[in-house]
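I opened my notebook to look up a few things in this structure. Follow along with the picture beside you.

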Amino acid sequence: NSWSADDRNLLASLFVMQGEKQLEQNDKNGLESFDLAAKVAPENADIFYRIGTAFLRHKDLNPTLSLQSSLDAFKHCLTLDKDNFDANATLGIVYN
């Protein structure tokens, strides 16, 4: 693949924005957009944090799946960046 890391991160960010918009419209295809974002930029902690927050904001679609998916995304974010303040703080709130 000849794409730079910046290009992959930008594309992943666009997939996350698309997924967020899809979830806002109760379109479960947002999950596919998040999967694409994770595949395009698997080392970008911020992408996983944004995916986690999107699942939390739209937990009404499927509360159990959304909560577990958000936790998984935050935990993956922290495996990439253990000092990510936002992911640590959000996990603390979710577990509290």
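**Entry 1: one residue to start from.** I began with V16, which sits in helix α1. A reminder to myself: this is a predicted model. Is V16 buried or exposed? Its relative accessibility is 0%, so V16 counts as buried. Next I looked up which residues V16 touches, leaving aside neighbours within four places in sequence. They are F34, A37, I47, R50 and I51. One of these, A37, is 21 residues away along the chain, yet the C-alpha atoms of V16 and A37 are separated by 6.1 Å.

**Entry 2: the core around V16.** I then checked the largest nonpolar core, which has 13 residues. V16 is among the members that touch the most other members, together with A12, F34, A37, I47 and I51. Helices α1, α2 (30-40) and α3 each supply at least two residues of this core. I noted a general point here: in soluble globular proteins, nonpolar side chains tend to be buried together.

Setting aside neighbours within four places in sequence, I47 is in contact with N9, A12, S13, V16, A37 and A41.

**Entry 3: two helices side by side.** How do α1 and α3 lie relative to each other? Helix α1 covers residues 5-24 and helix α3 covers residues 45-57. They pack at an angle of about 0°, and their axes are 10 Å apart. Angles under 35 degrees count as roughly parallel, and α1 and α3 are therefore roughly parallel to each other. From α1, the contact uses N9, A12, S13, V16, M17, E20 and L23. From α3, I47, R50, I51, A54 and R57 take part. Sorted by class, this contact has seven nonpolar, two polar and three charged residues.

**Entry 4: the charged pairs.** How many salt bridges does a search of the whole structure find? I counted three.

E20 and R50 form one of them, with N to O at 4.0 Å. This pair links distant parts of the chain, as E20 is in helix α1 and R50 in helix α3, 30 residues apart. E20 has a relative accessible area of 15%, so E20 is buried. R50 also counts as buried, because its relative accessibility is 17%.

E20 pairs with R57 as well, and here the closest N and O atoms are 3.3 Å apart. R57 lies in helix α3 and E20 in helix α1, so this pair ties together parts that are 37 residues apart in sequence. With a relative accessible area of 48%, R57 is partly exposed. Through shared partners, salt bridges join E20, R50 and R57 into one network.

K82 and D83 also form a salt bridge, at 3.8 Å from N to O. Both K82 and D83 are exposed.

**Entry 5: a last stop in α4.** I finished with S66, found in helix α4 (residues 63-80). Its relative accessible area is 4%, so S66 is buried. Which residues does S66 touch, leaving aside those within four places in sequence? S66 is in contact with F55, H58 and K59. I also looked up S66 and T53: they are 13 residues apart along the chain, and their C-alpha atoms are separated by 9.9 Å.

Note on methods:
Residues are numbered from 1 along each chain as its sequence is written. This is a predicted model: local features need pLDDT of at least 70, side-chain atom pairs count only at pLDDT 80 or more; totals for chains, interfaces and linings use all residues. Side-chain values use heavy atoms; hydrogens and water are left out. Axes are lines fitted to C-alpha atoms, for helices over the stretch in contact, and angles run from 0 to 180 degrees between N-to-C directions. Helices (H or I, at least four residues) and strands (E, at least two) are DSSP runs, numbered from the N terminus. Angles under 35 degrees count as roughly parallel, over 145 as roughly antiparallel, 65 to 115 as roughly perpendicular and the rest as oblique. Contact means heavy atoms within 4.5 Å. Ala, Val, Leu, Ile, Met, Phe, Trp, Tyr, Cys and Pro count as nonpolar, Asp, Glu, Lys and Arg as charged, and the others, Gly among them, as polar. Buried means under 20% relative accessible area, exposed over 50%, partly exposed in between (1.4 Å probe, protein chains only). A nonpolar core is a set of buried Ala, Val, Leu, Ile, Met, Phe, Trp, Tyr and Cys residues joined through side-chain atoms within 4.5 Å. A salt bridge is a side-chain nitrogen of Lys or Arg within 4 Å of a carboxyl oxygen of Asp or Glu.
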